[in-house]
Amino acid sequence: MGHYYELDFLISKGLKTIPKGVKSSTERSHISLDKFIEKHNNGISDAYVVCTKNLRVEGKITYLPIYMAGFI
């Protein structure tokens, strides 16, 4: 049986895809987003996690505070 993963949003930017996850508390746990990036690495321009913490960038993932979500 296969694994099922869930992403909150996918945004198109030209020929690239921007996956976006929304986390209410533990932004460290984003298995679906990690697997999507791993599988579709060449087709992804950026990846975002909207969370309750401060702005930071780790690899391809940008962690955005909730109030900045509208700027994507």
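Guide: Start with strand 4, residues 56-58, and strand 5: three bridges join them, and they run antiparallel. Keep in mind that this is a predicted model.

Visitor: What makes strand 4 and strand 5 a pair?

Guide: Pairing needs at least two bridges. Strand 4 and strand 5 have three, so they count as paired. One of the bridges links R56 to Y63 in strand 5.

Visitor: What lies between strand 4 and strand 5 in their hairpin?

Guide: Two residues sit between the strands. In this hairpin G59 takes a positive phi near 65°.

Visitor: How do you know that strand 3 pairs with strand 5, and in which sense?

Guide: Count again. Five bridges connect strand 3 and strand 5, in the parallel sense. The cut-off is at least two, so the label holds. C51, for example, has P65 as its bridge partner in strand 5.

Visitor: Why is strand 5 called largely enclosed?

Guide: Because five of its five residues are buried. Buried means under 20% relative accessible area. Both faces of strand 5 are covered. I61, Y63 and P65 are buried on one side, T62 and L64 on the other.

Visitor: Is H30 called buried or exposed, and why?

Guide: H30 has 8% relative accessibility. The limit for buried is under 20%, so the label is buried. H30 lies in the loop between strand 2 and helix 1.

Visitor: What makes the link between the side chains of H30 and Y63 a polar contact?

Guide: The distance is part of the test. The two side chains are joined at 2.7 Å, and the cut-off is within 3.5 Å, between N or O atoms that can donate and accept a hydrogen. H30 also touches K23, V49 and I61, leaving out residues up to four places away in sequence.

Visitor: Which residues make up the largest nonpolar core?

Guide: There are nine: L33, F36, I37, I44, A47, V49, C51, I61 and Y63. Helix 1, strand 3 and strand 5 each give two or more residues to this core.

Visitor: Why is I66 called exposed?

Guide: I66 has 52% relative accessibility. Exposed means over 50%, so I66 qualifies. I66 is in the segment after strand 5. Beyond its neighbours within four places in sequence, I66 is in contact with V50, C51 and T52.

How values were computed
Residues are numbered from 1 along each chain as its sequence is written. This is a predicted model: local features need pLDDT of at least 70, side-chain atom pairs count only at pLDDT 80 or more; totals for chains, interfaces and linings use all residues. Side-chain values use heavy atoms; hydrogens and water are left out. A nonpolar core is a set of buried Ala, Val, Leu, Ile, Met, Phe, Trp, Tyr and Cys residues joined through side-chain atoms within 4.5 Å. Buried means under 20% relative accessible area, exposed over 50%, partly exposed in between (1.4 Å probe, protein chains only). Helices (H or I, at least four residues) and strands (E, at least two) are DSSP runs, numbered from the N terminus. Contact means heavy atoms within 4.5 Å.
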